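Open your viewer and get ready to click along. We will go from stop to stop, selecting a few residues each time.

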Amino acid sequence: MFGNRDIPVYLFTGFLESGKTTCIKEILEEGNFEDGLKTLFLITEEGEKEIDENLLQYNKVIPVVVEDEEDLTEEECNALVKEYKPARIMMEVNGMWNMAKLINETIPENWIIVQTFTTVNAETFEMYINNMKSLLMEHFKQSDLVIFNRCTQEMDKASMRRNVKAINRRAQVLFESEDGSVESNIEEELPFDVTKSEIVLEDDDFGLWYLDVSEHPEKYEGKTILFKGQVYRNRTFPPDAFVPARAAMTCCADDIAKIGFICHYNEAEKLNIDDWVMVSVKVKPEFSKKNQSLYPVLWADKVEAAEPPEEEVVYFS
């Protein structure tokens, strides 16, 4: 019966030497697990730094090393719970492991992931984004908090943040400098003037606008936005709704998907799927009970046929 109860799980993901161990150490030192409850700590890779044994004992943290991905099965997870009877679980995830498989197949159903932290060494970020982007994006996709550490003033933090938000709009992104200072409000330099009552988006501007209006829909409330999109509808849409969408690549060529927002338009049913249109819309933010935040809804006053853009795919890098 003990093994069937829900157990909260905290995941710490990132590549080797990205700062996962340091992040866990700081969380323990700050007293976040200082409640007397037992924590099972699964370590799936051993980096250069280790957590002091006294700190682990003080917080009732039991470390268990799992060397190979194949060794951590659902059966082994249940066996560890039966042996140690933890109140919660922390897992330092090997950056080369398959995150989707870990979450969807390996972890038992009663292991409830309550928070996922991803650490990134800003000094090696460009190398990983160029050579191992799909793996890195899997980390971002699952994360609640992404921490870029070892940042310098010269680094393009806006681009780093954009890479995270393109794959996971709900993730919080922090930048930690070498002196320990932390910043989160990174201003994106937008290629259009948000102070204007009418904003015309160039074809290449859509990706930046999409990310910005997703996070700050109130900034665009009541403004008229003109842009090109491709008509998308499905059988679940009401008669007066469609999405003026763009194809976006967040990871690789195999990961291209349509992005956009619901747009209300009286003659939406008459539009042909996949036709390119120029839309003139107003943004009206609405509140999402599920996400407890505002999200943008579009209302079109004009939809006209248009030629496809020279580059039909949107990029966020």
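Before going on, a word about what is on your screen. This is a predicted model, where local features need pLDDT of at least 70 and side-chain atom pairs count only at pLDDT 80 or more, while totals for chains, interfaces and linings use all residues. Residues are numbered from 1 along each chain as its sequence is written, and side-chain values use heavy atoms, with hydrogens and water left out.

**Stop 1: helix α7**

Buried means under 20% relative accessible area, exposed over 50%, and partly exposed in between (1.4 Å probe, protein chains only). Among the buried residues of α7 are K157, R161, R162 and K165.

**Stop 2: the largest nonpolar core**

Now select W209, Y220, I225, F227 and F242, which touch the most other members of the largest nonpolar core, a group of 32 residues. A nonpolar core is a set of buried Ala, Val, Leu, Ile, Met, Phe, Trp, Tyr and Cys residues joined through side-chain atoms within 4.5 Å. Elements giving two or more residues to this core include α8 (206-215), β10 (224-232) and β11 (241-249). The most comes from α8, with 6 residues. Apart from this core lies another, of 20 residues, among them F15, V120, V164 and F175.

Next, zoom in on Y220. Leaving aside neighbours within four places in sequence, its contacts (heavy atoms within 4.5 Å) include L190, F192, W209 and V283.

**Stop 3: K20**

Move to helix α1 (residues 20-29) and pick K20. Is K20 buried or exposed? At 3% relative accessibility, K20 counts as buried. Look at its side chain: a polar atom there lies 2.8 Å from the backbone oxygen of G14. Beyond residues up to four places away in sequence, K20 also touches E45, E92 and T119, among others.

**Stop 4: the cysteines**

How many disulfides does a search of the whole structure find? The result is 0, with a disulfide taken as a pair of cysteine sulfur atoms within 2.5 Å. Select C151: the nearest cysteine sulfur, that of C23, is 14 Å away. C151 is buried, at 2% relative accessibility, and C77 is buried at 0%.

Technical notes:
Helices (H or I, at least four residues) and strands (E, at least two) are DSSP runs, numbered from the N terminus. A polar contact is a pair of N or O atoms within 3.5 Å; within protein, one must be able to donate a hydrogen and the other to accept it, and residues adjacent in sequence count only if both atoms are side-chain atoms.
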